[in-house]
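Here are a few friendly notes to read with the structure open beside you. Take the points one at a time and find each element as you go.

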Amino acid sequence: MEKYAPTTKRAVIVGGGLIGVEVAEMLLTRGISVLFLVRENAFWGSVLPSDEARLVGREIVRHGIDMRYETELKEILPDERGRVRAMVTKTGEEIPCQMVFLTAGVSPNTGLAKASGIESDRGILVDRHFRTSTPHVWAGGDCAQHREVPPGRRPVEQVWYTGKIHGEHIAANICGEERPYLPGVWFNSAKFFDIEYQTYGIVLPEPKEGEESFYWEHPAGDKSLRVNFRTGSGEVLGVNVFGIRHRHVVWESWIASRTRVEDALVDLGAANFDPEFFRQYEPEIVAAFNSRYPERAVKLNTRKGLFSAAIAKLLGQSQLQTA
Amino acid sequence: MNDLTAGLSYESHSLTPGGHRLTVLEKAGLGLFGIGLLILAAGLFTASDVSSEARMLWLGLAWGGIAGGGLLYGLHKHLSERPGIRNHGKTTDNLTARGALGWTLAVLFTGFYVMLYWFPGMLAGLIRLHDPLSEFLRGKPADQWFVYGTFYTVGILVMGAKAIAKYRHSRYQIVRTCVIMATQLGFAYLLPALFVKLNQPEVYLSYFWPLAYDKLFPGTLQGFLQAGNIGCFIVGWFVIGTLVATPVLTYYFGKRWYCSWVCGCGGLANTFGDPWRQNSDKSLKAWKIERWMIHSVLVWIVGMTALLWFAPSLPEFMQGFLQTLKQWYGFLIGAAFAGVVGVGFYPLMGTRVWCRFGCPMAAILGLLQRFNSRFRITTNGAQCISCGNCSKYCEMGIDVRHYAQRGQNIIRASCVGCGLCAAVCPRGVLSLENGPTAGRYNHIEGISLLGEEKSR
């Protein structure tokens with residue numbers, strides 16, 4: 001890529017997801033203009049709710065990238081040396097470019113496993129101990145597919161940290177320990193140009209039946225927070241935060257202990273992990289929540305940081321557990 | 001791609017827009033800056049011969065060019081980009097990644113310090129050029145230390161403004177840099193000048209013992225006490241600063257209250273030196289050398305200060321030995337280490353060579369921070385992706401990532417709390433926090449760190 005960068009004026013990225021954004025950032029540092037083709041009508045629409053997808057889309061455009069939604073690649077045209085000259089969209093538009101990146105996603109390469117007679121579906125099928133159908137053969141990471149899908153997880157987990165945990169489990173199990181895979185609360189993070197994203201628990205693009213979804217966005221459109229909770233009981237199910245850093249242990253504990261959304265919002269300061277002197281948005285978030293759910297209205301009372309009572313409680317618990 | 005072509009491609013992107021392409025305004029800024037420097041250089045040879053009015057004019061043009069050009073370049077460079085961390089060219093740029101330009105600057109800086117400390121006569125013209133400013137601020141002609149203070153203060157102010165533009169997405173960095181700039185200008189430049197003008201001792205209230213190694217020497221304190229009420233205030237200030245403020249503030253906020261908010265050495269490192277902060281050595285070996293060196297200096301200065309207080313009751317031969325010890329400390333540590341190496345080696349070894357390997361004040365603050373403080377850098381659960389930006393940008397050579405990957409809090413004697421690791425982290429993993437000392441080490445152990453169930 002570095003070799004071709006100096007002669008590339010425009011590059012096209014096909015597929016709106018995390019890898020596409022990383023490629024786009026890299027290309028911009030080399031002074032290459034970028035055209036981003038996304039099949040859906042919003043960025044990373046298979047994962048993000050539409051509000052957040054739009055927020056990220058705006059950030060991408062702010063950095064000078066040409067975003068084209070609902071546009072797909074039809075073919076890539078070569079020049080006489082066999083290098084990329086242009087690409088054609090499904091609507092027939094021909095766009096001159098010197099590089100094309102296909103970033104549609106990751107899929108397990110099961111060729112070797114299938115040829116060896118190891119049971120596979122989308123990925124290589126494994127039990128809770130990462131054993132495949134063939135004795136002494138184990139699979140983990142991006143290529144593995146859980147036969148019993150752990151609650152709140154996907155059958156194929158394609159995140160680096162789950163791969164690391166899979167590997168640790170496989171090593172333990174090979175060494176004779178019986179260590180089943182019992183993943184805790186889901187989490188993930190990313191950075192889209194200058195906007196950081198964290199998620200804890202489950203937030204689907206559309207809330208499921210019996211779920212409420214509360215969304216707050218800063219008027220500047222570069223910070224947001226979404227909390228999903230169960231209708232009625234109010235237990236928190238998941239959170240998406242953009243542009244504000246939140247504390248892993250706090251949300252994990254709230255989600256695992258089925259904390260009510262009201263109780264979480266009262267202590268929202270405890271979840272704030274932004275550096276000192278940063279503006280805090282908890283009062284605005286809670287005010288927005290109260291106006292949307294007057295029957296659940298709460299009063300914010302926890303300040304940020306390790307002095308907060310909510311964190312002290314959590315840390316106290318963790319020390320008991322350690323002891 | 002083999003190694004040869006990999007090397008070539010790196011070469012190529014310092015030419016293509018890999019790094020930062022200079023705009024017309026930035027070129028103009030650098031031009032102005034260069035003209036200002038040239039006038040200063042010309043002053044070296046001519047200023048002794050011209051009138052005071054002429055010197056005032058040329059001095060104004062020189063510093064106007066340096067400050068104006070530096071600001072034009074520095075502010076335009078960062079304000080033309082969106083707020084946020086940009087790593088472009090950090091590891092490949094000739095100036096900041098130990099290329100020929102970096103080495104040239106290191107030689108120039110070192111040469112300047114050698115002249116300043118041991119051959120000030122070579123700077124005579126430059127010193128005479130500063131007479132009008134010194135007369136105005138201090139009521140007497142300039143000396144080499146006034147010239148040095150002017151360089152130092154302009155460096156912190158201009159590069160501080162650039163640092164604020166560069167890190168303007170972080171309010172911690174904005175507030176901290178403003179305080180550094182104000183402290184330098186007020187406590188380390190204007191106030192000492194005012195003291196001189198009022199015929200009081202020239203005193204730098206922001207430098208405490210043992211960084212300012214003679215501040216608690218009996219002779220120094222006696223000198224201050226002879227200066228009347230202001231002298232008593234100064235003595236009180238330094239005694240309280242060392243014995244009370246240091247342990248109390250370090251207990252509540254960590255070493256950073258001094259090293260990253262007050263100290264001029266840290267101030268210069270975090271403003272003027274910011275482009276080179278990533279060049280610090282992160283190896284385990286460097287850490288071992290650091291601990292031996294910094295604590296040796298600490299033992300030397302503490303022992304020497306104590307002996308000086310008992311000097312009257314010491315035998316004759318000890319007196320001579322003590323004087324020699326004092327002279328060697330001044331030469332080796334006070335001048336050669338803190339000045340020549342400390343700043344001269346910025347472009348090669350990163351910005352905190354002195355703070356990390358030599359400063360006895362940093363050693364004391366470090367021990368307090370390590371063993372008796374509420375400060376720590378918290379790691380946010382298991383969100384670390386091992387990108388290494390935190391370690392790369394750590395000016396103290398701490399391998400921050402090592403801790404972040406393991407979900408451990410970072411509690412290191414050397415951490416000056418500049419906050420850059422938290423600023424450059426792309427996943428919101430690090431935060432500088434003050435909190436209860438219970439569970440300060442590794443407080444998240446026991447919580448399902450890696451997404452595993454707690455029952456295990």
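1. A word on pairing before we start: two strands count as paired if DSSP finds at least two bridges between them. Please also keep in mind that this is a predicted model.

2. Let's begin with a sheet in chain A. Its three strands follow the order S4-S5-S6, and the sheet is open, with antiparallel pairing. Strand S4 (73-78) and strand S6 (94-96) of chain A each have a single partner strand, so one side of each has no neighbour in the sheet. On average, neighbouring strands here are turned by 25 degrees against each other, direction ignored.

3. Now look at one pair within that sheet. Five bridges link S4(A) with strand S5 (residues 84-89) of chain A in the antiparallel sense. Across this pair, A:Pro78 stands opposite A:Val84 in S5(A).

4. Next, a hairpin in chain A. S10(A) and S11(A) form it with two residues between them, and A:Phe193 in the turn has a positive phi of about 55 degrees. The two strands run antiparallel and are joined by six bridges, and A:Ser189 stands opposite A:Gln198 in S11(A).

5. How many of the six residues of strand S10 (residues 187-192) of chain A are buried? Five are, so the strand is largely enclosed by the rest of the structure.

6. Finally, turn to chain B. Helix H3 (residues 52-79) and helix H6 (residues 131-138) of chain B pack at an angle of about 95 degrees, with their axes 8 Å apart. That makes H3(B) roughly perpendicular to H6(B). On the H3(B) side, B:Ser52, B:Arg55, B:Met56 and B:Leu59 meet B:Asp131, B:Pro132 and B:Leu133 in H6(B). By class, this contact has four nonpolar, one polar and two charged residues.

Methods: Residues numbered from 1 in each chain as written. Chains lettered and ligands numbered in written order. Predicted model: local features only at pLDDT ≥ 70, side-chain atom pairs only at ≥ 80, totals over all residues. Axes fitted to C-alpha atoms, helices over the stretch in contact; angles between N-to-C directions. Helix = DSSP H or I, 4+ residues; strand = E, 2+ residues; numbered from the N terminus. Parallel < 35°, antiparallel > 145°, perpendicular 65-115°, else oblique. Contact = placed C-beta atoms within 7 Å. Nonpolar A, V, L, I, M, F, W, Y, C, P; charged D, E, K, R; others polar. Buried ≥ 20, exposed ≤ 12 C-beta atoms within 10 Å, placed from the backbone.
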